[in-house]
Every structure is written in structure tokens, then in C-alpha cells.
Amino acid sequence: MKILAIESSCDETAAAVIEDGVKILSNVVVSQIDIFAEYGGVIPEVAARSHLEAILPVIHKSLKEADLNWNSIDAIAVTHTPGLLGSLLVGTLTARTLAILHNKPLYAVHHLKSHIYATWLNNEIKPHFPLLALVISGGHTQILYMKEHNHFEIIGTTHDDAVGECFDKVAKILGLPYPGGPSIATEAKKGDENRYKLPHPKVNELDFSFSGLKTAVLRAIQKEVGVPISYPSHELAKLLSEKQRSDFAASFQKTAVDILLEKLNLAREKYPEVKSLVIAGGVSANQKLREEALKMLKNNSEGHPQLLRGRSEEPRKDGRDERPEEIFLTFPDPKFSGDNAAMVGAAAYFEIKSGVKPTDPYSLNIAPRSPIN
Ligand code: KG4
Ligand code: ZN
């Protein structure tokens, strides 16, 4: 089954053709990062206009790269929630029109599901069920339990900022360019991650909170430079030495990674039956996070960087041996961590396999916010 997938929920205009959920026949992504680097963040109206300009050429290119015409496409899939209103509208209206025009079934896909399904693409080791997925992006920070395909239970979520948002805001405070995640990761390589001690938030169980961490960085910088400026933050950034900047980037990145993995580990303890841990979404591209996650599960992977035998050394107190022999830690190929349409095609395929029916192209609506279900 060949699906033409479209993604436009934020600032990437993307189209891909995916065969049977895992085979990438084409993958085209046009990013607006260069536009928004100048502004220091995404401007929704500008994003929507840029999508409008790019979307048809991107779709044509994806068909051309796959060397296919509309006759060979079995279905169309599109992200309809969550995301920026104008951005989502461009993608969904285009998909609806094409579905009607070419008489193809249309599938509406939730963006977070797509991020999880990115892990099925280009991966030698596919996730196994039941699994825990840590989805970390610019808009979301959640831990989900998946018993099987298309079954999602939110077991942890952020009370305020998403972790990607926190990377972006801290980068701004440090005077580093947008998007903040990659800038901080690069800057952190030069820094001492133990130089500044930053607090872990006190939130229940598997939930997260990242707005306090951003404020803690701000306060620590103010203290370090001895000036209480908090706005505009670039005034503060100017007072930092090169060394202080990279030490702050490294200390922040370490703290954010520790918080994420602490919660994922706690989730793993609470759900001992899980066979796979999936870490997906834009922030999952972070190299430090990948390395620390592997360490967390004690890497004895024998040549398979993603395969881990994470068997607990402690027998369960109740005597049952429910913990599976192996835990597979899987990340998407880094090129599918951020927004793309290949992951939308993968998610749609597995939804179709689970019995999800096509949506009505005359009435499909968008939703800027809506929980995964
Ligand atoms: O999934 P994504 O592309 O878009 C959303 O759905 O939000 O995620 C974008 C987020 C941004 O906040 C960006 O700074 C962050 O992912 N990000 C990273 C890295 N690459 C992108 N964060 C940390 N380390 C990275 N290497
Ligand atoms: Zn995303």
C-alpha cells in the first residue's frame, strides 16, 4: 500500500510516499528555519504563508522522487492536529482537495502518533509491544503506554512548557540562535556540564515541569554576571563570557536529559512488562540524550547500538518474573526525529491496519490542540 503523506503542523512543509508503513519511496522536507532564525522563533502567519507557497511543489517533488503518478497512490494521509492553526489548515485543505480530485481515501493523523511511528522507519530494530514512548518536541513532553498499534495511554505529561520549548527559551537567554535545541547541543560540547547545579522540578510521579528550569537558568546567569536584567534577555547574554555560555549550555542540557531519563526509568519500573522504550520527537535528535539513555539501560548491545538487554538484576519482590529478557531502546533515525511526512505515512499505515476508517474529505477539521487517543 502506497500512501502519500503531508505534514505542515509547524514550520516544515513536507510530503513523502511510504510503502507498507516502513519503506520510504520519497521524503521531501522544506524547512522554514532560515526565515525564523532571523526572528528568533516561529511567527504563525509567516509560517502559514510559507506553507502555502511550498506545499504543491513539495507534493509534486515527492511524487517525482518516488517515480509515481496519482494512479499508483492508494491513500492520502495528513496531520490534522495538534499544531499551528494556519499551518494545519494549509496541509489539511490541500489534502482534502487532492483526495476529492483524485478520488483517494483520506486519513487524518495525530502529530504525536507520527513522531512515535518515525521509529518504524529506516530502523533495523522495530519497537515491540507493549512499549513506552517518551515523546519530546517543541510542543509536547509526554510518556505514553502503547499496548499495541493505535492504542495510546498518556501516563505522564508536562504541567507547563515542553522540553523543546525550554531548550529554545534557554538558548535565547544564552544568546544562541533559533532553533535552540541544536544550538545548545553544539555549544554544550565546549562546556563543563557540572559547572552549574540546576534544580530538578518536584512534580508527581511521571509528570514533568520545565518552566522552572528555564527560570533557574535565568536566575543563575543573573547571579553569575551580577546584574538582575531579565528582559530583553540578549542584554544579559552579552555579559556572559564564552566559557560561561558553554558551561551554562552544558549544565542545562545535562539537567534536562537527567530529568527526562529519570522519568522514563520510573515509568519502566512501573510498567515492568514493556518490551521497548521509544524516544521520539524533535528533541530525540539530541546526542547527549541518546548516549545517556543507552548508558541508563547498561549497554551490552554487541554491535547493535539500539538493542539492549536491560534485564533487571533484582528479582521482583512478589516472586513473579514478568520482566522481559530484553528491552529494546529505539530512537528514530535522527533525520526523522524532527517534523517530516514520512512518519505521517508510517502512522497512517499502522492505523489503517488497526481498522481505522478514512475520514470525510468534505468535512475534515483541524484542531490546534487535542490529546492523543
Ligand atoms: O518535533 P519537532 O521538530 O517539532 C514539534 O513538533 O514541536 O521539535 C522541535 C523541537 C525544537 O524545540 C527544537 O529546539 C528541538 O526540537 N530540537 C532539539 C534538538 N534538535 C531539535 N532539542 C535538543 N537537542 C537537539 N539536538
Ligand atoms: Zn513535531
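Me: Which residues coordinate the zinc ion (ligand 2)?
Reply: First, a word on the basis: this is a predicted model, where local features need pLDDT of at least 70, side-chain atom pairs count only at pLDDT 80 or more, and totals for chains, interfaces and linings use all residues. Residues are numbered from 1 along each chain as its sequence is written, chains are lettered from A and ligands numbered from 1 in the order in which they are written, and side-chain values use heavy atoms, with hydrogens and water left out. Donors are N, O and S atoms within 2.8 Å of the metal (3.2 Å for Na, K and Ca), and water is not among the atoms, so sites may look incomplete. At 2.0 to 2.1 Å, the coordinating residues are His111 (NE2), His115 (NE2) and Asp339 (OD).

Me: How many residues apart in sequence are the parts that His111 and Asp339 tie together?
Reply: Along the chain, the zinc donors follow the spacing H-x3-H-x223-D. His111 sits in helix α4, while Asp339 is in the loop between β11 (327-330) and α11 (342-353), so the pair links parts of the chain whose separation is 228 residues. Helices (H or I, at least four residues) and strands (E, at least two) are DSSP runs, numbered from the N terminus.

Me: Which residues come nearest to ligand 1?
Reply: A residue counts as near if one of its heavy atoms lies within 4 Å. There are 17 residues around ligand 1, and the nearest are His115, Gly138, Asp168, Gly181 and Asn286.

Me: What distance separates a polar side-chain atom of Asn286 from a nitrogen atom of ligand 1?
Reply: A polar contact is a pair of N or O atoms within 3.5 Å; within protein, one must be able to donate a hydrogen and the other to accept it, and residues adjacent in sequence count only if both atoms are side-chain atoms. Oxygen atoms of ligand 1 take part too, at 3.1 Å from a side-chain N or O atom of His111 and at 3.2 Å from one of Asp339. For Asn286 and the ligand nitrogen, the distance is 3.0 Å.

Me: How much of what ligand 1 exposes when taken alone does the protein bury?
Reply: Areas come from the Shrake-Rupley method with a 1.4 Å probe; for residues, only the protein chains shown count as cover. Taken alone, ligand 1 exposes 550 Å², and the share buried by the protein is 85%.

Me: What is omega for the peptide bond joining Tyr178 and Pro179?
Reply: Most peptide bonds are trans. The bond from Thr81 to Pro82 is cis, with omega near -25°. Pro179 lies in the loop between α5 and α6, and the bond joining Tyr178 to Pro179 is also cis, with omega about -5°.
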